[in-house]
Amino acid sequence: MTAITSNFSAAPVLPKWMAPVLLLSFAYGVVPLIGSSYLFEAILLPFLALGLAGVGLNILTGYAGQVSLGSAAFMAAGAFAAYNFNLRVEGLPLIGSIFLAGIVAAAIGIVFGLPSLRLKGFYLAVSTLAAQFFVQWALTKFSWFSNESASGVIDAPRLSIGGLALDGAVGRYLFALTIVAFLTFLAHRLVTSQTGRNFIAIRDNETAARIIGIPVLKTKLLAFAISSFIIGVAGVIWAFAYLRTVEPAGFDLDRSFQILFIIIIGGLASIRGAFFGAALIVVFPLGLSRLGGFLLGDVFDSGVLDMSQRIVLGALIILFLILEPDGLVALWDRIRRRLLFAWQST
């Protein structure tokens, strides 16, 4: 045992910043060279958008303990706000439109976060459904938001930064990756700061947090604002880079539940967990479709696929809540520690 402990303690420990640097180097330097159009369009772009939305919701729910079922509404607010800023404000750069869209989503998040000052848990979750229904109703009722389009569906503007067109699959991937990497870094810095510790204190015991001097009401609204800002920007990526269209139907209640499932499966109060959950949510239907088609042939059509996906995802969520409440990120850490220990023991 002494020898094993000595070997384990002598193992080289990489700095914490090394893993993300290596991952980003691979994402920027290798993936654009070897990736196919299918990889970008069907996997990486939805993964990046949903992963960022999961980061935003995890700040609110995982760290601050405020349950929300209106994430898709904030995605829609961000997407439509960015479209209208880009359309109606002449000379405004695309990045400026995205930043202002995030501000609009944050403002809406604060408005619908006001019930958190009085409500908690299930009652707060139900109240946030008002955001989902109200935003969808407003975008459908007032055609001004969609530039008087009869169908309510509008084409996303061209992605261009500093005169550099990013309309191709690789360009849109790099555009999304840059925004996601930047906001994820800021989210990580936030949750490890005093503000993040205030979020956790309110989540764990709101009364104790108030006693030690944490401004509970202000901190809750700040969590809603930051979360909604990030989710709003994720909505811009979803509409501009992935779907290439902006429509209210793309941000329905199912999308809100999808983002909630992402953080449950990936791991609450974990930035990495949002991306673990998003990876499963994006890849799982593709794998299920291939497997079902192989086993059942033409019988496994889109309707059967959708039903099967819902059943299996529901079962997975129940299993994770029972067997691994901390999600995929905890499972990954446990496997990594065991592999490292086994390697050191040889």
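Reader: Which residues does serine 146 touch, not counting residues up to four places away in sequence?

Author: Serine 146 touches Phe80, Gly152 and Ile154. Keep in mind that this is a predicted model.

Reader: Where does serine 146 lie?

Author: In a loop. Helix H7 (121–141) and strand S1 (154–155) stand on either side of that loop.

Reader: Is serine 146 buried or exposed?

Author: Read the relative accessible area. Buried means under 20%. Serine 146 has 2%, so the residue counts as buried.

Reader: How do I read the largest nonpolar core?

Author: Look for the members that touch the most other members. The core has 89 residues, and those members are Leu52, Tyr173, Phe175, Ile237, Phe240, Val246 and Phe251. Helix H11 (residues 216–243) gives the largest share, 14 residues.

Reader: What is phenylalanine 175 in contact with, leaving aside its neighbours within four places in sequence?

Author: Its partners there are Leu94, Ile98, Leu159, Ile161, Leu166 and Ala241.

Reader: How do the axes of helix H4 and helix H12 cross?

Author: Take the angle and the approach together. The axes of H4 (residues 37–63) and H12 (residues 253–266) cross at roughly 75° and come within 9 Å. Angles of 65 to 115 degrees count as roughly perpendicular. H4 is therefore roughly perpendicular to H12.

Reader: Which residues of H4 and H12 meet?

Author: From H4 come Leu50, Ala53, Gly54, Leu57, Asn58 and Thr61. From H12 come Arg255, Gln258, Ile259, Leu260, Ile262 and Ile263.

Reader: What is the make-up of the contact of H4 with H12, by class?

Author: That contact has seven nonpolar, four polar and one charged residues.

Technical notes
Residues numbered from 1 in each chain as written. Predicted model: local features only at pLDDT ≥ 70, side-chain atom pairs only at ≥ 80, totals over all residues. Heavy atoms only, no water. Core = buried A, V, L, I, M, F, W, Y, C linked by side-chain atoms within 4.5 Å. Buried < 20%, exposed > 50% of the residue type's maximum accessible area, 1.4 Å probe, protein only. Helix = DSSP H or I, 4+ residues; strand = E, 2+ residues; numbered from the N terminus. Contact = heavy atoms within 4.5 Å. Axes fitted to C-alpha atoms, helices over the stretch in contact; angles between N-to-C directions. Parallel < 35°, antiparallel > 145°, perpendicular 65-115°, else oblique. Nonpolar A, V, L, I, M, F, W, Y, C, P; charged D, E, K, R; others polar.
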